[in-house]
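I opened this entry to record what I looked up in the structure.

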Amino acid sequence: MKGKGWERLKVGDIAAPGRNSIVGGPFGSDLVSKDYVPNGIPVIRGANMGNGRWVSGEFVYVSKAKAESLAANCAKPGDLIFTQRGTIGQIALVPQNGPSRYLLSQSQMKLSSDAKKADALFLYYNFSGSQQQKYIQQNAIRTGVPHTNLGILRDTPLLLPPLSQQRAIADIVGALDSKIELNNQINAELEAMAKLLYDYWFVQFDFPMTAAQAASLGRPALEGKPYKTSGGKMVHSPTLNRKIPEGWSADTLDKLGQVVGGTTPSKENDAYYCEAGIPWITPKDLSNNKGRKFIDRGEIDVTEAGQKRGSLKLMPAGTVLLSSRAPIGYTAIACNPLTTNQGFKSFVPSKGYGSDFIFRTLNHFMKLIEQNASGSTFREISGGTLKAIKIPMPHPSLAKLYCDKVKSMSAQQQNLEKQNQELTQLRDWLLPMLMNGQVTVTQDQ
């Protein structure tokens, strides 16, 4: 279905006039790792794709001279970037508020569109839609590493409305994405604040000194002052081979809460799985949840029969999930009661330490946890090994004070993540109808 004035074109028809409007990255030997420098022209690689509308993340750089020598393989703000090999179907825009030039890696292609024919943001949403994604996958070359090429890109069909409608559609969907991006930015700042306070109190040991601690120093006026900086007593821990605040202990991770594993009911029995049952989380779900602090459910639920057959423990809201293999180190806080597969060692807050403290502590000591993993095929941290890892442990009262301080921030993070789920569902519901003309919009001239 299409509206009045819609045209069927190919990508080659809407490319900007002139040379190098549809190009790939340089040939292999023209860009190698030794070309990278600390600062300069950013290189768009696979790591910079798949993070939303814009190329983003950690960039590597080449010198201006190197970029000049590969000028034909450069991209500018407003260009669309496509993954050429590997994760086929990724697309992102070069942002307007960044560097004026980027260099493509060997695994990327770019399209500079003709602004008189197509709106770049509309094209991004067009290629993000299910119909175009299906076309990309069906026409990918599957020999060896999945890949596509410039010829396939040029011949990719497009269904385009008049330019004014393109802009109107891009404005509507873009407004939803802008709100999602703003929420993500706020949450990142809130998480940075919570981490900063945790590090200040539990890493630098500058938590607020209690009246009893100040009195023990004979200086009552120090109450509420930073503990270590103000001369709080530090004692040597033979177990940890380091100094820790007086009154702290060298204790094991299982003191944080009850450590619970999970299982996988037989996948051969359809009666054990459903779309709306008991939430069941896998490490893949946590991977898809990356960048978020909370999780409510995964791709598939288990039924009551599946829970019973798998002897799955239903853990309460507030449980901190830790993936213990494939890979180790993904974390999230449960929004609601849920279960997990065997790839987890989850911490149920049942020993006086709150969810936010447990979450931050596990993340702070993640390198130590990973160092204790074992396995030849894939690395895994066993329950027994995890429970035995020793760390500096404060009294639960100090951990509670920390949780009280970050409670409102954590609640706001959870609320914004829920908003983003709803906005994403609305965007994904609306996008295909806008792209095939089922819903018509116009933009004031």
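I note that a residue counts as buried under 20% relative accessible area, as exposed over 50%, and as partly exposed in between. The model is predicted.

Entry 1, backbone. I looked up N20, which lies in the loop between β1 (7–10) and β2 (22–24). Its relative accessibility is 32%, so N20 counts as partly exposed. N20 is not a glycine, yet its phi is positive, about 65 degrees. I then turned to F205, in the loop between α5 and α6 (211–216). F205 also has a positive phi, near 65 degrees, and is a residue other than glycine. With a relative accessible area of 2%, F205 is buried. I found a cis peptide bond between A326 and P327, with omega about -5 degrees. P327 sits in the loop between β20 and β21. For context, most residues other than glycine have a negative phi, and most peptide bonds are trans.

The largest nonpolar core has 43 residues, and L256, F347, F357, I369, L386 and Y402 touch the most other members. α12 gives the most to this core, with 6 residues. Setting aside neighbours within four places in sequence, I listed the contacts of I369 as L253, L322, I328, L362, I381, L386 and I389. A second, separate core of 34 residues includes L123, L158, I169 and M433.

I recorded an angle of about 75 degrees between α5 and α9, with their axes 11 Å apart. α5 is therefore roughly perpendicular to α9. Among the residues making the contact are Y198 and F202 of α5 and F357 and F359 of α9. The contact residues divide into 6 nonpolar, 2 polar and 4 charged.

Definitions and conventions. Residues numbered from 1 in each chain as written. Predicted model: local features only at pLDDT ≥ 70, side-chain atom pairs only at ≥ 80, totals over all residues. Heavy atoms only, no water. Core = buried A, V, L, I, M, F, W, Y, C linked by side-chain atoms within 4.5 Å. Buried < 20%, exposed > 50% of the residue type's maximum accessible area, 1.4 Å probe, protein only. Helix = DSSP H or I, 4+ residues; strand = E, 2+ residues; numbered from the N terminus. Contact = heavy atoms within 4.5 Å. Axes fitted to C-alpha atoms, helices over the stretch in contact; angles between N-to-C directions. Parallel < 35°, antiparallel > 145°, perpendicular 65-115°, else oblique. Nonpolar A, V, L, I, M, F, W, Y, C, P; charged D, E, K, R; others polar.
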